[in-house]
Amino acid sequence: ENIVTNGPPEVDLPGGKGCTQAVAASKIFGGKVRFIGQFGCDDASKIFHNVLKDVDCSHCGHHDDILGGRGYVLLNTEEGSVSAVVSGGSNLEGWKEWETIWK
């Protein structure tokens, strides 16, 4: 089924469960929190990284050739249903070079 919108998104914010938890924990524990993920080469990744400015991201990967991932939440106000779409981007594709480290 195709879902067609009639306008731009109402809200476009950086985040996600891990980001939200890392920022909240950093505020509680005074910045002694680590976040591990993969940042892409787009503006959204730069904004996302800036949101995590008080969190230790030194173990994160940075990719010059992969766009950052995005998540979309779709609310059908007529039916009251919610759907989510995730495009993994750098956080999906960026781990391939780490596979040898884990073995």
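Colleague: Is F35 buried or exposed here?
Modeller: This is a predicted model, and in it F35 counts as buried because its relative accessibility is 13%, under the 20% cut-off.

Colleague: And how many aromatic pairs are there?
Modeller: The count comes to two. F35 and F48 form an edge-to-face pair, with 5.9 Å centre to centre and 75° between the planes.

Colleague: Which parts does that pair tie together?
Modeller: F35 lies in the loop between α1 and β1, while F48 lies in helix α2, so the pair links parts that are 13 residues apart in sequence. F48 is buried too, at 18% relative accessibility.

Colleague: What about F39 and F48?
Modeller: Those rings form a tilted pair, 5.7 Å centre to centre with 55° between the planes. F39 has 2% relative accessibility, so F39 counts as buried. F35, F39 and F48 form one aromatic cluster.

Colleague: Nice. Switching to C19, where does C19 lie?
Modeller: C19 is in helix α1, which covers residues 17–29. C19 counts as buried, at 4% relative accessibility.

Colleague: What is C19 in contact with, leaving aside neighbours within four places in sequence?
Modeller: F35, F48, V51 and L52.

Colleague: Zooming out, how do the elements run from the N terminus on?
Modeller: The order is α-β-α-β-β-β-α-α, which comes to four helices and four strands.

Colleague: How much of the chain is buried?
Modeller: Buried residues make up 25% of the 103 residues. The chain exposes about 8200 Å², with carbon and sulfur atoms supplying 53% of that area.

Conventions
Residues are numbered from 1 along each chain as its sequence is written. This is a predicted model: local features need pLDDT of at least 70, side-chain atom pairs count only at pLDDT 80 or more; totals for chains, interfaces and linings use all residues. Side-chain values use heavy atoms; hydrogens and water are left out. Helices (H or I, at least four residues) and strands (E, at least two) are DSSP runs, numbered from the N terminus. Buried means under 20% relative accessible area, exposed over 50%, partly exposed in between (1.4 Å probe, protein chains only). Accessible areas come from the Shrake-Rupley method with a 1.4 Å probe; for residues, only the protein chains shown count as cover. Contact means heavy atoms within 4.5 Å. Rings of Phe, Tyr and Trp (its six-membered ring) pair if their centres lie within 6.5 Å; planes under 30 degrees apart count as stacked, over 60 as edge-to-face and the rest as tilted.
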